[in-house]
Amino acid sequence: MTERIVVVGAALFDGGRLLAARRSAPPDLAGRWELPGGKVEPGERPEGALVRELREELGVDAEPLAPVPGEWPLRPPYVLQVWTARLRPGSAAPAPLQDHDALRWLTPAEVWDVDWLDQDVPAVRATLARWATEARGS
Ligand SMILES: Nc1nc2c([nH]c(=O)n2[C@H]2C[C@H](O)[C@@H](COP(=O)(O)OP(=O)(O)OP(=O)(O)O)O2)c(=O)[nH]1
């Protein structure tokens, strides 16, 4: 059996809004929106990968908060897990440094205004279910 590889996506909240990022590559994903993040490397924890990827891709200092229950299949062998997160005090504002060409902070009413990757839709839905609890207000 092939090992599964976890991709961690950040549900990054700030001021009651959720960050969405538009992919610039590869061509089949470009133009679609995702939760920023990336592959968990061997020996790394998902929350460690999240902090590393958000620093690389967005230039921010993020604090992981809690895992969103669930795991969503991507192209094998990848699976998507999501952690809620917030910006640490003093963090820079996110910028599309790598992998993305646009960012949007979405209010709850705007969450479905962007064209999420198909495989992200159930993960975003699960994230919204948590939003009302621990993440709102951060
Ligand atoms: N980061 C992220 N990747 C996603 C999501 N949904 C989804 O299908 N993917 C796919 C896109 C990629 O094929 C893979 C993660 O790739 P990546 O390019 O973000 O990760 P990475 O920075 O670790 O990759 P690499 O350039 O080091 O190879 O998962 C999502 O919500 N967030």
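**A friendly note on this predicted model**

1. β5 and β6 run antiparallel and are joined by 8 bridges, and a hairpin of 4 residues links β5 to β6. Two strands are said to pair if DSSP finds at least two bridges between them. The names of the elements also come from DSSP: helices are runs of H or I of at least four residues, strands are runs of E of at least two, and both are numbered from the N terminus.

2. Before going further, a word on the source. This is a predicted model, in which local features need pLDDT of at least 70, side-chain atom pairs count only at pLDDT 80 or more, and totals for chains, interfaces and linings use all residues. Residues are numbered from 1 along each chain as its sequence is written.

3. Stay with Val79 for a moment, which sits in strand β6. Is Val79 buried or exposed, or does it fall in between? Val79 is partly exposed, because 15 other C-beta atoms lie within 10 Å. The cut-offs are these: a residue is buried with 20 or more other C-beta atoms within 10 Å of its own, exposed with 12 or fewer, and partly exposed in between, with C-beta atoms placed from the backbone. Leaving out residues up to four places away in sequence, Val79 touches Arg4, Val6, Val7, Glu71, Trp72, Pro73 and Leu74. Touching, or contact, is taken as C-beta atoms, placed from the backbone, within 7 Å. Val79 and Val8 are 71 residues apart along the chain, yet their C-alpha atoms are separated by 8.4 Å.

4. Now step back to the whole chain. The protein chain has 2 helices and 7 strands, and along the sequence they follow the pattern β-β-β-β-α-β-β-β-α. The C-alpha trace spans about 45 × 30 × 30 Å along its principal axes. The radius of gyration is 14 Å, which agrees with the value near 14 Å for a compact globule of 138 residues. That radius is taken over C-alpha atoms, and the globule rule is 2.2 Å times the number of residues to the power 0.38. Of the 138 residues, 34% count as buried. Among contacts between residues at least 6 apart in sequence, 69% join residues at least 24 apart.

5. Next, look at β2 and its partners. β2 is mostly covered, with 5 of its 7 residues buried. β1 and β2 form an antiparallel pair over 2 bridges, where Asp14 stands opposite Arg17 in β2. The hairpin of β1 and β2 has 2 residues between the strands, and Gly15 in the turn has a positive phi of about 55°. β2 also pairs with β3 in the antiparallel sense over 2 bridges, with Arg22 opposite Trp33 in β3. Strand β7 (residues 100–106) runs antiparallel to β2 and is joined to it by 6 bridges; there, His100 in β7 is the bridge partner of Arg23.

6. Gly31 counts as partly exposed because it has 13 C-beta neighbours inside 10 Å. Glu63 is 32 residues away from Gly31 along the chain, and their C-alpha atoms are separated by 27 Å.

7. What about the interior? In soluble globular proteins, nonpolar side chains tend to be buried together. A nonpolar core here means a set of buried Ala, Val, Leu, Ile, Met, Phe, Trp, Tyr and Cys residues joined through C-beta atoms within 7 Å. The largest such core has 29 residues, and Ala10, Ala11, Leu50, Ala62 and Trp83 touch the most other members. β1, β2, α1 (46–58), β5 (62–73), β6 and α2 (121–135) each give two or more residues to this core, and β1 supplies the largest share, 6 residues. Not counting residues up to four places away in sequence, Ala10 touches Leu35, Pro36, Gly37, Leu50, Leu54, Ala62, Trp83 and Ala85.

8. Finally, the ligand. Which residues come nearest to the ligand? Of the 17 residues around the ligand, they are Gly9, Glu34, Gly37, Gly38 and Lys39. A residue is near a molecule if its C-beta atom, placed from the backbone, lies within 6 Å of it. β1 (5–14), β4 (37–39) and β6 (78–87) each supply at least two residues of this shell, and β4 gives the most, with 3 residues. By class, the shell holds 8 nonpolar, 4 polar and 5 charged residues. Ala, Val, Leu, Ile, Met, Phe, Trp, Tyr, Cys and Pro count as nonpolar, Asp, Glu, Lys and Arg as charged, and the others, Gly among them, as polar.

Notes:
Two residues are in contact if their C-beta atoms, placed from the backbone, lie within 7 Å.
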